[in-house]
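Student: I would like to learn how to read the surroundings of a ligand and the packing of a helix pair. Could you take me through them?

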Amino acid sequence: MSEQTRPVRFLLGDERRELSAIDPNTTVLNYLRRVERRVGTKEGCGEGDCGACTVVLGELDGGGLRYRAVNSCIQFLGALDGKQLLTVEDLADGALHPCQQAMVDCHGSQCGFCTPGIVMSLFALYQEPGTPDRNRIDDALAGNLCRCTGYGPIAAAAKAMKAGAEPDLFAGRASETAAALKALDDGAMAGLEGEGRRYFAPRSVDALAKLLLDHPGATILAGGTDVGLWVTKQLRRLGPIIAIGAVEELKRIAVKDGWIDIGAGVTYTDALATIEAHYPDIADMMRRLGSEQIRNAGTIGGNIANGSPIGDSPPPLIALGSRLVLRRGDRLRELALEDFFLDYGKQDRQPGEFVVAVKVPVSDPGCIVRCYKIAKRFDQDITAALGAFALTLQGGEVADIRICFGGMAPVPKRARQAEAALKGKPWTRETVEGACWVLSEDYTPISDMRASARYRLRVAQNLLRKFFIETSEPAARTRIMAERRAAHARA
Ligand SMILES: Cc1cc2nc3c(=O)[nH]c(=O)nc-3n(C[C@H](O)[C@H](O)[C@H](O)COP(=O)(O)OP(=O)(O)OC[C@H]3O[C@@H](n4cnc5c(N)ncnc54)[C@H](O)[C@@H]3O)c2cc1C
Ligand code: FES
Ligand code: FES
């Protein structure tokens with residue numbers, strides 16, 4: 001097949017850029033600071049955690065535009081194709097942007113390191129319709145770490161920034177920007193080549209499948225929120241890279257024939273509303289997966305393919321009985337998601353094969369589903385243990401139960417012995433206590449920097465107890481943070 005590519009094209013502010021001869025491992029942050037000399041965007045952690053490098057990407061969305069914050073430190077240049085890249089230098093045009101003015105007025109601007117990233121997160125929030133409530137503000141800012149703990153005035157600026165504001169500069173230029181973005185795309189495959197490495201962004205699943213057959217050792221790139229760190233933290237140099245972000249067929253989410261089909265290129269942000277409609281508890285967990293910037297780029301497909309034992313989406317999806325669709329060349333195959341994870345770092349995927357979609361059963365009113373993420377911090381923290389439960393009761397007895405934990409084994413793993421101890425039994429404290437003990441036969445967790453083995457096992461048992469309490473004593477107060485969010489929403 002032809003491997004001819006056209007340059008990566010994007011708008012930097014409102015100026016068009018075309019790049020072809022550059023190392024595809026170059027991050028957007030390094031490009032901005034070293035090539036464009038736009039040094040307003042800062043590097044803090046270089047791993048997507050602190051938000052100092054936050055930039056905003058504008059994209060065509062139906063007839064209009066949408067703006068989302070991402071971490072430029074872990075995004076590769078190729079991801080800019082067809083988009084508008086906005087940095088803190090773009091916001092003020094004579095006068096400060098309303099989000100900047102609100103930061104000044106509310107004394108939200110503290111150190112020069114975090115403020116540009118915070119302003120860009122506020123700018124993306126500003127572009128959303130309506131006035132954000134406190135929950136939305138907290139979610140939008142959770143990926144901007146301020147070490148001086150001055151969130152009060154920043155949140156106040158977020159609340160104030162839209163009060164009485166006229167449409168901003170960007171609203172005024174929207175149709176011009178949309179036309180400029182449309183003009184970037186000619187339907188061809190974008191690519192980069194530099195330092196002996198290549199980057200391809202095929203436009204269809206067929207083209208992706210063919211390219212991967214030709215380059216079975218290539219790195220498949222979705223949102224880059226894992227792959228980016230291989231370059232910035234492990235100092236690896238990747239090539240060739242085959243990105244799936246321009247394959248529209250993989251960016252679809254559809255509900256049909258009893259399944260929710262989530263394409264491998266669907267980001268968490270785009271999946272959230274559908275997941276919330278079927279499984280609100282899983283959506284609540286996903287709101288704590290990474291940060292807004294991570295969820296705007298990262299995909300569920302990437303989380304599964306990455307195969308980490310502490311990936312947050314596999315345990316609930318396994319508990320629900322989800323299936324994975326893979327393709328190699330023209331051959332499609334489907335397997336139970338739990339069978340994809342063979343061992344630590346080892347998945348059932350052949351060279352040249354890729355994830356097409358994950359199929360999640362639609363919600364069943366007779367099945368109670370809960371998902372609990374345990375991490376040291378509520379927001380934006382990697383999981384120590386995560387428990388997911390799907391229970392069907394009939395006449396007070398357990399007709400079916402599926403329990404899956406992350407962080408308890410080298411792979412996300414079902415608690416089959418605990419499930420067997422519960423099936424067909426009355427759903428009572430006594431049987432649940434029995435199953436809690438059986439969990440120690442299902443899992444031999446390890447101790448690491450996130451939690452000790454003892455803590456992990458204890459927490460898994462306590463999560464099963466919590467699940468029992470939530471299903472048998474609905475008035476019990478088990479969700480302090482949810483209560484706080486509900487109070488914020490009412491305020
Ligand atoms: C600051 C930060 C916080 C994070 N917090 C969390 C968290 O709370 N919980 C959590 O679970 N994860 C977290 N992550 C990890 C990461 O965000 C997720 O694993 C995410 O879902 C990865 O998706 P991606 O699209 O970015 O994948 P990428 O980084 O693009 O790819 C990940 C892996 O999957 C492969 N891959 C991607 N797409 C396909 C495909 N279609 N077919 C085959 N292989 C493919 C890639 O080659 C790579 O091996 C965090 C990461 C960062 C940087
Ligand atoms: S530099 Fe910290 S998130 Fe990018
Ligand atoms: S604003 Fe930078 S540490 Fe608080």
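Student: Which helix gives the most to the shell around ligand 1?

Tutor: A residue is near a molecule if its C-beta atom, placed from the backbone, lies within 6 Å of it, and helices are DSSP runs (H or I, at least four residues), numbered from the N terminus. Here α13 gives the most to the shell around ligand 1, with 5 residues. This is a predicted model, in which local features need pLDDT of at least 70 and side-chain atom pairs count only at pLDDT 80 or more, while totals for chains, interfaces and linings use all residues. Residues are numbered from 1 along each chain as its sequence is written, and chains are lettered from A and ligands numbered from 1 in the order in which they are written.

Student: Which residues come nearest to ligand 1, and where does ligand 1 lie?

Tutor: Of the 32 residues around ligand 1, the nearest are Gly 48, Ala 222, Gly 223, Gly 302 and Asn 303. Ligand 1 lies between domain 1 (1–187) and domain 2 (249–361), because both give residues to its shell; the domain bounds come from an automatic or database domain assignment.

Student: How do α17 and α18 pack?

Tutor: Axes are lines fitted to C-alpha atoms, for helices over the stretch in contact, and angles run from 0 to 180 degrees between N-to-C directions. Helix α17 (residues 429–442) packs with helix α18 (residues 453–472) at an angle of about 155 degrees, their axes being 9 Å apart. That makes α17 roughly antiparallel (over 145 degrees) to α18.

Notes
Helices (H or I, at least four residues) and strands (E, at least two) are DSSP runs, numbered from the N terminus. Angles under 35 degrees count as roughly parallel, over 145 as roughly antiparallel, 65 to 115 as roughly perpendicular and the rest as oblique.
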